[in-house]
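User: I'd like to learn how to read a fold from its strands, helices and core. Could you walk me through one?

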Amino acid sequence: MVQGAEAALHEPPCWEATVTAHRLCGPDLAVLRVRPHETFRYRAGQYTALESARLPHTWRPYYLAGEPGRDGDLEFHVRRTGPGGVSEALVRHTTAGDRIRLGPPKGNLALGEEPAGELHLVAWDTGWAAMKALLQELEGRLRPASEHRAGRVRLFLGADGLSSLYDTEYLTGFERSRPWLTVVPVTGGTPGEGAYDHLARAVTRSRPTAAGRALLAGPPAMVQTVTAALTRAGLPAEHVHHDPLPAGPRDLPGPAGTFGSAGPRMFQGQSVPA
Ligand SMILES: Cc1cc2nc3c(=O)[nH]c(=O)nc-3n(C[C@H](O)[C@H](O)[C@H](O)COP(=O)(O)OP(=O)(O)OC[C@H]3O[C@@H](n4cnc5c(N)ncnc54)[C@H](O)[C@@H]3O)c2cc1C
């Protein structure tokens, strides 16, 4: 009880919300739609902490996928990383009608003022959620009446295998009618090399120019590998943007001081301080 009360003191300000839809895309991945009870404003590319009623006072960050729907619903893509955590609660034990809580939106991924230059969007697995939001915002900026002209946009989407790619129908349809966008799915890899080396190779093979920008979303090891490859390839470090990498387990507060391993498919766990 004392531990619960202490955890509550460290909680972020929050929005109550109701799950309006829960769709499984395979055994370990769910796309959730969630309706906040009060207005929840965010920018494309941001994430927010989620708390499931099944694990009170345990918050984990998840990207907000796409723009809010007409009904104000928000979309989240959640990959279950193991037993007992928030991801399992959201993927396996949540249905429409359940209540969850959201923390305030945060994040470093943004198109910036001038999105018309060369842009590399690089995501692994559910990092796609952030890119979906950024692509939708870019699309809005490029509507006929807008002053923005399309630069070259490449989306590199990494996954363990073809079967781990999801939301592909949406993405295929989106790419088909946007000549400014090239989607490069990256799966497989060579035995013996690092888990994200093939993704880094695919990104640098496209010869990013020093004037371009890159936005990255995915597991810390993927972000580190691709950032290093991009800077070696000549992209200035300040042109590579990603969210803060989670600190090591001992640096993090909260009752969930245990973390899933940073395996190739997952983001590392993170408690969200107030
Ligand atoms: C910026 C950012 C954005 C992210 N966006 C996404 C996204 O869009 N989609 C996505 O799938 N992931 C995303 N993640 C990763 C996500 O935040 C979680 O790290 C991931 O879902 C694993 O969390 P978990 O609680 O299931 O497991 P862990 O944090 O690894 O928990 C490990 C284990 O600790 C134990 N545990 C946890 N809490 C408790 C508790 N309260 N009591 C007792 N035991 C407990 C359980 O045994 C659990 O399995 C993002 C991460 C970051 C940093």
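Analyst: Let's go through a sheet, a core, a helix and a strand in turn. This is a predicted model, so local features need pLDDT of at least 70 and side-chain atom pairs count only at pLDDT 80 or more, while totals for chains, interfaces and linings use all residues. Residues are numbered from 1 along each chain as its sequence is written.

User: Sheet first, then: in what order do the strands of the open sheet run?

Analyst: Some terms: helices (H or I, at least four residues) and strands (E, at least two) are DSSP runs, numbered from the N terminus. Two strands pair if DSSP finds at least two bridges between them. Here 5 strands make an open sheet, ordered S9-S8-S7-S10-S11, with parallel pairing. S9 (181-186) and S11 (240-241) are the edges; each has a single partner strand, so one side of each has no neighbour in the sheet. Zooming in, S7 (residues 119-124) is joined to S10 (residues 213-217) by 5 bridges, and His-120 has Ala-214 in S10 as its bridge partner.

User: Which residues touch the most other members of the largest nonpolar core?

Analyst: A nonpolar core is a set of buried Ala, Val, Leu, Ile, Met, Phe, Trp, Tyr and Cys residues joined through C-beta atoms within 7 Å. Buried takes 20 or more other C-beta atoms within 10 Å of a residue's own, exposed means 12 or fewer, and partly exposed is in between, with C-beta atoms placed from the backbone. This core has 61 residues, and Leu-134 and Val-226 touch the most other members. Helix H3 (residues 128-141) gives the most, 8 residues. Domain 1 (2-107) and domain 2 (119-241) both contribute, so the core lies between them; those bounds come from an automatic or database domain assignment.
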